[in-house]
Amino acid sequence: MKRALFLLGAYYPIPKANGICAEKVIAQMRARGYQVDVIAFAPNWPCAPDAEWNGVRITYIRGSMYYRTLRSEESGVLKGLQLKMKKAISKAKDIILWPFWPANTPWCTRQFLNKAEQMHNIAPYDVIVGVVSPISAVSAAARFKKMHPE
């Protein structure tokens, strides 16, 4: 059985637009006999345990500060001054690292890449797909492919 790995920001059970679109591609790949795994940002913090959705194994990573702030705001965990401070810190980080875009979140790219390497060492992947938003998913997929050209 061929294996595929998708890297993306938000996937089920709480998907964003890219996760919903990726699910359509994943369903087609599964119908063609692929075993598909997903690495995605955790839907909450502390990091959610790994899960399975429609036969797809989902491994969660911590994600960027910006992403965690958005999720905390959506769930009502952060409010008032605490939320404003976290948004300000995240925005300051973005401004400082702007000249390095798209590699302005190297630690996020590293999270994706490290987890993909761990999973690949257990059972190699035939296909890796990085879905934009975050751009670090695409950066990690490109670096992974460069390290594993087979």
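**Notebook: surface, helix H3 and the cores**

I began with the surface: the protein exposes about 8600 Å², and carbon and sulfur atoms supply 62% of it. The model I am reading is a predicted one.

I then looked up burial and found that buried residues make up 41% of the 150 residues. For the contacts, I took those between residues at least 6 apart in sequence and noted that 64% of them join residues at least 24 apart.

Next I went through the secondary structure. I listed five helices and five strands, and I read their order from the N terminus as β-α-β-β-β-α-α-α-β-α.

I turned to helix H3, which covers residues 80-97. From its first C-alpha to its last, H3 reaches 26 Å with 18 residues, close to the 26 Å expected at 1.5 Å a residue. I recorded Leu83, Ser90, Lys93 and Leu97 as the buried residues of H3. They lie on the same side of H3 because they cover an arc of only 90° around the axis. On the face turned away from that buried side I noted the exposed residues Leu81, Lys84, Lys91, Ile95 and Ile96.

Last, I examined the nonpolar cores. The largest has 17 residues, and I found the most contacts inside it for Phe6, Leu8, Tyr11, Ile26, Val36 and Val38. Strand S1 (3-8), helix H1 (17-31), strand S2 (35-41) and strand S4 (56-61) each supply at least two residues of this core. I followed Val38 beyond its neighbours within four places in sequence; its contacts there include Leu5, Phe6, Ile26, Val56 and Ile58. I also noted a second, separate core of 16 residues, with Ile61, Ala116, Ala141 and Phe144 among them.

Definitions and conventions. Residues are numbered from 1 along each chain as its sequence is written. This is a predicted model: local features need pLDDT of at least 70, side-chain atom pairs count only at pLDDT 80 or more; totals for chains, interfaces and linings use all residues. Side-chain values use heavy atoms; hydrogens and water are left out. Helices (H or I, at least four residues) and strands (E, at least two) are DSSP runs, numbered from the N terminus. Buried means under 20% relative accessible area, exposed over 50%, partly exposed in between (1.4 Å probe, protein chains only). Contact means heavy atoms within 4.5 Å. Accessible areas come from the Shrake-Rupley method with a 1.4 Å probe; for residues, only the protein chains shown count as cover. The expected span of a helix is 1.5 Å times one less than its number of residues. The arc is that of the directions from the helix axis to the C-beta atoms. A nonpolar core is a set of buried Ala, Val, Leu, Ile, Met, Phe, Trp, Tyr and Cys residues joined through side-chain atoms within 4.5 Å.
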